[in-house]
Amino acid sequence: MRVGILTSGGDCQALNATMRALAKTLYANVKDLEIIGFKNGYKGLMYEDYIKMKPTDFSGIIAQGGTILGSSRCPFKMMRVVEDGFDKVKAMKRTYKKLNLDALAVLGGNGSLKTANLLAQEGLNVIGLPKTIDNDTYGTDYTFGFSSAVEVATRYLDEIHTTAASHNRVFIVEVMGHKVGHITLAAGLATGCEIILLPEIPYDLKNIEKKIKQRKAQGKNFTVIACSEGALTKEEATFSKKKYKALVAAREGRSVVEYIAKDLANDMPELEIRTSVIGHAQRGGAPDAYDRMISTRFGIEGARLIMNRSFGQLVVLKQGEVGSIPIEDTAGKLKYVDPAGKPVMNAKLMGVCFGD
Ligand code: F6P
């Protein structure tokens, strides 16, 4: 049996741990197994850039961050593009056939799973493993990388708290998560932030100001705001997709926290405000224990799917159980924080302000 593996999209912790479990399970159960590792995501499949893996390649990597195969962003929209007569989908199918693969395991987030779905529809034997710090893949309660990213964000927010308190400052800290607020909500709650801004709950600046004043009245002269990179105002939430895209483009990569800081300073000039962006450290370093454990379970399930020839499936976690769903059920959809769900509603009960 010949199995291809690739890691696609933004990296995260536990990519190596997942591949290790998948490979070890296959090696233990499949005779004459050959694993082909494609380099730098779908690019490796497109341009026949691969390594013939050995069992030892998967040893000693459970705690290693990043990906031993490399990764790249390869947006779904690009897939149909034919550049200089080079059809990318055709090229990937050609490599798959040329290498005589029996299966392809894709470790990827939402964009990469869309592509995996496309390849499955084109007749390739694909399985998916849900990777992303954002935890926004629809159909699974968990994507590996999330817990480790929350750890990094938590440590960062803890550190900001001490300096914010010493200087009686307001800090607005940008947390990753793309269009969803799972990391911000988890790390915000874990560090006792009393203001948490999520894309799913558009904010009104007045409510943030009210909360800062309330804290001051309680003798708390500092505030740390956990702010999702995709946070937006109530007004911005009414914008059409096109208008919102234009707004983000006009910011030329400057963080949303800068804009909130500017508006806040305008209304409350008495505040000493600082901003801070955690950034890509959230995806870096060693996976935490939970990610190592869950990605091991995911990898084993991925191998089981391949051995049972259950293709077109995505490994998922549902209510504590590892299983699988058709990749097409997740492709193109996001899993958002539920603004009316218990984590948010209970936090509100305790007095956390979401700006709504
Ligand atoms: O999807 C993971 C993620 O880290 C998001 O949280 C973030 O919006 C994005 O990737 C950053 O992407 P890039 O690595 O291309 O800067």
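The structure is a predicted model, in which local features need pLDDT of at least 70 and side-chain atom pairs count only at pLDDT 80 or more, whereas totals for chains, interfaces and linings use all residues. Residues are numbered from 1 along each chain as its sequence is written.

Twelve helices and 13 strands make up the secondary structure of the protein; helices (H or I, at least four residues) and strands (E, at least two) are DSSP runs, numbered from the N terminus. Along the principal axes, the C-alpha atoms fill a box of roughly 70 × 45 × 30 Å. A compact globule of 356 residues would have a radius of gyration near 21 Å, and the 22 Å of the protein agrees with this; the radius is taken over C-alpha atoms, and the globule rule is 2.2 Å times the number of residues to the power 0.38. Of the 356 residues, 46% are buried, a label for residues with 20 or more other C-beta atoms, placed from the backbone, within 10 Å of their own.

The protein is divided into domain 1 (2–144 + 287–329) and domain 2 (148–284), with bounds that come from an automatic or database domain assignment. Their C-alpha centres lie 34 Å apart. In domain 1, 13 residues are in contact with twelve residues of domain 2, a contact being two C-beta atoms, placed from the backbone, within 7 Å. The side of domain 1 that touches domain 2 has four nonpolar, four polar and five charged residues. Here Ala, Val, Leu, Ile, Met, Phe, Trp, Tyr, Cys and Pro count as nonpolar, Asp, Glu, Lys and Arg as charged, and the others, Gly among them, as polar.

Buried residues of H5 include Phe146, Glu151, Tyr156 and Ala164. Among the elements covering the buried residues of H5 are strand S8 (170–175), helix H6 (182–190) and helix H11 (289–307). Asn168 follows H5 and has a positive phi, near 50 degrees.

Around the ligand are Gly10, Arg73, Gly109, Thr132, Ile133, Asp134, Met176, Gly177, His178, Glu229 and Arg283, where a residue is near if its C-beta atom, placed from the backbone, lies within 6 Å. This shell divides into two nonpolar, five polar and four charged residues. Domain 1 and domain 2 each supply at least three residues to the shell.

Note on methods:
A residue is buried if 20 or more other C-beta atoms lie within 10 Å of its own, exposed if 12 or fewer, and partly exposed in between; C-beta atoms are placed from the backbone.
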